[in-house]
There are 2 protein chains.
Amino acid sequence: MRVALAQMNPTVGDIAGNAARIIGWVHAARARGAQLVVFPELAVFGYPPKDLLLRQALVARNLAARDQVAAQCHGIAAVVGYVEREARGTGLSNAAAFCADGRVQARYAKRLLPTYDVFDETRYFTAGTAVQVVELGGDGTVRVGLTICEDLWNDEQFEGRRVYGLDPVEQTAVGGARWLINISASPFEAGKQHRREHIFAQQAREHRLRIIAVNQVGGNDDLLFDGASVVVEETGQVVARGPAFEEHLLFVDLSNPEPEALVSYPERVESIRRGLVLGTRDYVRKCGFSDVVLGLSGGIDSAVTAALAVEALGAEHVHGVAMPSRYSSAHSLDDARALADNLEIELRVVPIEGAHRAMEETVLPHFGDRAPDITEENIQARIRGNILMALSNKFGWLLLTTGNKSELGVGYCTLYGDMSGGLAVLSDVPKTAVYELARRINATAAEPCIPENSIRKPPSAELKENQCDQDTLPPYEMLDAILEQYVERERSVEEIVAGGFDRGVVERVARLVDHSEYKRRQAPVGLKVTSRAFGTGRRMPIAARCS
Amino acid sequence: MRVALAQMNPTVGDIAGNAARIIGWVHAARARGAQLVVFPELAVFGYPPKDLLLRQALVARNLAARDQVAAQCHGIAAVVGYVEREARGTGLSNAAAFCADGRVQARYAKRLLPTYDVFDETRYFTAGTAVQVVELGGDGTVRVGLTICEDLWNDEQFEGRRVYGLDPVEQTAVGGARWLINISASPFEAGKQHRREHIFAQQAREHRLRIIAVNQVGGNDDLLFDGASVVVEETGQVVARGPAFEEHLLFVDLSNPEPEALVSYPERVESIRRGLVLGTRDYVRKCGFSDVVLGLSGGIDSAVTAALAVEALGAEHVHGVAMPSRYSSAHSLDDARALADNLEIELRVVPIEGAHRAMEETVLPHFGDRAPDITEENIQARIRGNILMALSNKFGWLLLTTGNKSELGVGYCTLYGDMSGGLAVLSDVPKTAVYELARRINATAAEPCIPENSIRKPPSAELKENQCDQDTLPPYEMLDAILEQYVERERSVEEIVAGGFDRGVVERVARLVDHSEYKRRQAPVGLKVTSRAFGTGRRMPIAARCS
């Protein structure tokens, strides 16, 4: 039997557009001889739909679209994710439709609803209570169980979230299934592809099932979906694998799979890079923009952001702005120019001295005898934010923010200054990983595009004389190691200190993280590439004591 | 029997501080003859704890604090809300401890976990499965059932959220309870106090129970808790009522209650005013600030915000800043001065012309032949944002944002400009309600403090010549009516048009709301006073099609 895995890139809420694409792929799959085509979780609606699910008119349109898709399923069967509305009340379920002979033959409602990290599924959905096993014709009839994303992850002991006494996979196997279809919208994080295959192989072996897992692809706001759909035999062997980070219709002949022809996944740093490129492209385009603008300081964060933006959108759609001040070193502008030359992007130079002096004349008289402090630095950052937003507003360019996760973690950034922008490309990338990205980008280009000087020089905000990040922050290797434990793993100060870190440093970092929550609350959407990003998956109070 | 209802104002995460206050009130209640004292939901931790619940060290400290409280309960019983940790895995429950004779005698786990609007309880908690009825000694032994917040709201058909086949109140009554204790952290919204009493009375009559309901008080970020604890007899009669918006230890002699002495709740506009005052005071103080700063434009929004801030913090802690520009009318500064005089707050005048001209000289050359548009207006708003943040940074004053819900709904505000600030006092108050607040504030003062001219003149952002809000927006009465349906009720354009509104206007408002989601994502915390506020209870995608 020939099966097509349709790892599709939907736009959330664009029911008509998503349905048209699904129907196009149903026809394409049939034309190329597939007897079954499988689409991702909520393919009709796009994942995550969030509070658009409260818009009943959209839910109704999604049901109509499901029926339109089903009506096209002649000579081919399809499994399609959509939102089901229960007969009673306004309850919804996260559902899969098995479509054949021009209509919906069977429906399945997701049973395990993730409600942690970035997931809010019990906010919207009622859990299904039944297994669904359908019969698939073809070379020989086979019984196929339907599951959705989390249903297949119950053996995952990760963070103690296992639901005891309820294993949809086991129950589906007991229900007579030989194959298991799993449709998902499983967000990317570094290493996720290998983790998924490991879990799927375990499940396939344990329950003696062939698993056909189809994952959404594309960026939807902060979340990156990487596709990487797979077919896993009951031996645990992976026999088909869709590409990561690309929309793709993958065909597999299940009577004669070719495991030797498997694509391989990009390694860790490369996978982060490709995820960020996809996420940037999708956020910009799905928001209706074609071009982006960003400040180029000559430093590594803006250089890496610019390089990723060029990969995502093309050099002619990326506009760099250098905004030198009285504190900018000569190399800053040189490095920004070299970067722009290498990337072949436009560079505007907009010196801020005039605006800076005028703002000083405006506010300094109100400071009385207070000594200079961070205030004077923030003023400059906010002038730059104003300039960038003016160019954004005037030309319709989306402003990219260039800050990294380490800065955002400890609040080493200016609200309404360098935090301004529509998308924070690197906000889940720790500083040390930004360096890795820079080296990777340079290593894979014909000519290195990120100036070596931007990589080598000590990082500085250049907001006062001879400033250097490490004047006020611990070395980034140490800072990132502490942040990883405090933020990603929710370890306490005591636990981190017990791991061999200096108590004073750990306490200071923890305090900085907790006290800068108010800044992050107002940060732009940031692309998630780790197990725990700042943003929708980390919900902290502000007016609180945190330790 | 004499019972004390302890409507307490905890700080989220401040386990030591909250426990000390609980213990103080246990002693106070005993000293004044109470045999039972009841504290709100999660009193030990503060509600909502959000992702602080993932910090295991904090959860452990909360358990220890519960035991410290229990150890003080001699000669008095107490019901205290806290976070329970289940023996298996890391599962938590939202729990109540019944403490007497120096130890925890019984525990109850909340059964209905709200996961809608601002609530995320299934993200953190496992639902309890058992009723809990304890015996209370005293004048005569009585059987008392324990419930927590949502447990008592299952008859509420609102939005179809009823959980079928599970009514914790009914099961508790069947379990032999004569009294029902309900501890809650039930957020305020206009009209909520009456709605609560209506539901409690229904439940009391239906299940023939006396209900003792104790609610948290205080502002925690966006959420306002209003206290308004009540005792309802099984006839449905309210016999005791705690004050709204005040921390209070309310004593009731249940053998001889005095329903004629009930306090009455403030009417709608007054309740919004008092909620905003409480929320402002708590946010400012719980964040560690004493003073606030805000821009005074001479308009009604900033005038009302300033008046509320003075009520919350005292005039000496409120700093006004007028920032006239070339487009400011003469009355703007006059009205700001009159307001500051009336409120007896400091007023600084910081003209922006110099900074404005310098910024024009900096960026206009980069605009080529593009015509002036919203860009030039935003530049001015962002200069003002920069000035206010500079004063905030230099003097440690928290910046209050003055925008209202109507503006925020349609995006009639400048990101990093007038949207700058730590707290948006009016961001859930529609413009028409801002007028009501202004009139109410003036009517209740010895001398009206908000200049009549600020109330009467046509609203204007004054960012270009002869500008007026109604140049680009429909009249506020119409805009607010449409926003109420589109945002609060999630009605579709079709449904709103069917209600008699002009299709063109409704479509335009809906589009503006959907397209300005990116601004609201970066808005400061705003105080919630309606059934649906922008912020944590409304989770919309940005890169999406919404209609």
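This is a predicted model: local features need pLDDT of at least 70, side-chain atom pairs count only at pLDDT 80 or more; totals for chains, interfaces and linings use all residues.
Leaving aside neighbours within four places in sequence, its partners are B:Val3, B:Leu5, B:Ala6, B:Val79, B:Ile181, B:Ile183, B:Ile212 and B:Val214. B:Val38 is also, together with A:Val80 and B:Val80, among the residues with the most contacts inside the largest nonpolar core, which has 361 residues.

The relation between the two chains comes next. Chain B is superposed on chain A by a rotation of 180° with 0.0 Å of shift along the axis, at an RMSD of 0.0 Å. The two copies are therefore related as by a two-fold rotation axis. Within chain B, the residue whose C-alpha comes closest to that axis is B:Gln522, at 2.0 Å. Both copies use the same surface, since 100% of the contact residues of chain B recur in chain A.

Each chain puts 71 residues into this contact. On the side of chain B that touches chain A, at least two residues each come from helix H3 (121–124), helix H6 (268–286), helix H9 (353–363), helix H10 (374–395) and helix H18 (517–521) of chain B. H10(B) gives the most, with 14 residues. By class, this side of chain B has 31 nonpolar, 20 polar and 20 charged residues.

Within chain A there is a further division, into domain 1 (2–256) and domain 2 (272–473 + 516–526). Taken over C-alpha atoms, the centres of domain 1 and domain 2 of chain A are 39 Å apart. Their contact takes 11 residues from domain 1 of chain A and 10 residues from domain 2 of chain A. On the domain 1 side, strand S10 (217–220) and strand S11 (223–226) of chain A are the elements that give two or more residues. That side of domain 1 of chain A has five nonpolar, three polar and three charged residues.

H7(A) is mostly covered, with 14 of its 14 residues buried. After H7(A) comes A:Gly314, with a positive phi near 95°.

In helix H14 (residues 476–488) of chain A, the buried residues are A:Tyr476, A:Leu479, A:Ile482, A:Leu483, A:Gln485, A:Tyr486 and A:Val487. An α-helix has 3.6 residues a turn, so residues three or four places apart point the same way. The cover over the buried residues of H14(A) includes helix H11 (405–410), helix H12 (431–444), helix H15 (493–498) and helix H16 (503–515) of chain A. H14(A) is followed by A:Glu490, whose phi is positive, near 55°.

Some backbone details remain. Most residues other than glycine have a negative phi, and most peptide bonds are trans. A:Tyr416 is not a glycine, yet has a positive phi of about 65°; for B:Tyr416 the positive phi is about 70°. A:Tyr416 lies in the loop between H11 and strand S19 (423–424) of chain A. With 26 other C-beta atoms within 10 Å, A:Tyr416 is buried, and B:Tyr416 is buried with 26 as well. The peptide bond from A:Tyr47 to A:Pro48 is cis, with omega near 0°, and A:Pro48 is in the loop between strand S2 (36–38) and helix H2 (56–71) of chain A. In chain B, the bond from B:Tyr47 to B:Pro48 is cis, again with omega near 0°.

Definitions and conventions:
Residues are numbered from 1 along each chain as its sequence is written. Chains are lettered from A and ligands numbered from 1 in the order in which they are written. A residue is buried if 20 or more other C-beta atoms lie within 10 Å of its own, exposed if 12 or fewer, and partly exposed in between; C-beta atoms are placed from the backbone. Helices (H or I, at least four residues) and strands (E, at least two) are DSSP runs, numbered from the N terminus. Two residues are in contact if their C-beta atoms, placed from the backbone, lie within 7 Å. Ala, Val, Leu, Ile, Met, Phe, Trp, Tyr, Cys and Pro count as nonpolar, Asp, Glu, Lys and Arg as charged, and the others, Gly among them, as polar. A nonpolar core is a set of buried Ala, Val, Leu, Ile, Met, Phe, Trp, Tyr and Cys residues joined through C-beta atoms within 7 Å. Copies are superposed by least squares on the C-alpha atoms of residues with pLDDT of at least 70 in both. Domain bounds come from an automatic or database domain assignment.
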